[in-house]
Amino acid sequence: MINKPLEIDLERVRRTAEGYYSTWEYYCSEAVVKTIGDEFGAGWPEEIVAAASGFPVGFGGAGCTCGALSGGVLAIGMFFGRKQSKDPRLETALDLSRKLHDFFLSRRHSLCCRKLTRDMVMGSVEHMTQCIAITGEIAEETARLIASEKGIPIVDNHKDEFQI
């Protein structure tokens, strides 16, 4: 990290990610990665956000795993993934990724973009409302997991509402 934050405001994280997606500045996965990198002062090169560009709409429109969730896992990996063979940090990345997965599944009951958006017209108000909310939820939970692991204080004005 270039500039370790003094605290992480989860509501700001949520609003920022939702704002990026709602204005089409970034799609879901990109919005999550961009928000997390900026909020944590990671100083990531712009290529990290670019690496998330294939995830939206369930891997490029295939309808598989939700892009926001994929972006959250990518952000976790950027902080806790291994950088060399047999790096034990991998265990932290796997643990936090599984927690994010379980959080998403408990709230949405499916990881599949195709199922989550069934009977919705892409770009419709219904679709955008849901996917903006999912993007915010995942950015918020990703920030919560990263901050907790790094010992960074969390500002959480709706403390128990989203925890699993």
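Visitor: Which residues does Ile36 touch, not counting residues up to four places away in sequence?

Guide: Ile36 touches Val13, Trp44, Ala75, Phe79, Ala139, Thr142, Ala143 and Ile146, where contact means heavy atoms within 4.5 Å. This is a predicted model, where local features need pLDDT of at least 70 and side-chain atom pairs count only at pLDDT 80 or more, while totals for chains, interfaces and linings use all residues. Numbering runs from 1 along each chain as its sequence is written, and side-chain values use heavy atoms, leaving out hydrogens and water.

Visitor: What makes a set of residues a nonpolar core?

Guide: The set must consist of buried Ala, Val, Leu, Ile, Met, Phe, Trp, Tyr and Cys residues joined through side-chain atoms within 4.5 Å; buried is under 20% relative accessible area, with a 1.4 Å probe and protein chains only. The largest such core here has 35 residues, and Ile8, Ile36, Phe40, Trp44, Phe79 and Ile138 touch the most other members. Two or more of its residues come from each of helices H1 (10-22), H2 (28-39), H3 (46-51), H5 (67-80), H6 (90-108) and H8 (125-150). H8 gives the largest share, seven residues. Helices are DSSP runs of H or I, at least four residues, numbered from the N terminus. A second, separate core has six residues, including Tyr21, Ala31, Cys131 and Ile132.

Visitor: Which residues of the largest cavity's lining lie nearest its centre?

Guide: Tyr21, Cys28, Val57, Cys113 and Cys131 do, out of 16 lining residues. H4 (56-59), H5, H7 (113-116) and H8 each supply at least two lining residues, and H8 supplies the largest share, four.

Visitor: Why is that one called a cavity and not a pocket?

Guide: Because on a 1 Å grid over the protein atoms alone, a cavity is a set of points where a 1.4 Å probe fits but cannot get out, whereas a pocket is an open set with protein on both sides within 12 Å along at least five of seven lines; lining residues have an atom within 4 Å of a point. The largest cavity has a volume of about 130 Å³, and the largest pocket about 160 Å³.

Visitor: How do the classes divide in the lining of the largest pocket?

Guide: There are six nonpolar, three polar and three charged residues. Asp, Glu, Lys and Arg count as charged, so Lys34, Asp38 and Glu46 in this lining fall in that class. H2 gives the largest share of the lining, four residues. By contrast, the lining of the largest cavity has 12 nonpolar, four polar and no charged residues.

Notes:
Buried < 20%, exposed > 50% of the residue type's maximum accessible area, 1.4 Å probe, protein only. Points joined across faces, edges and corners; volume = space filled by probe spheres on them.
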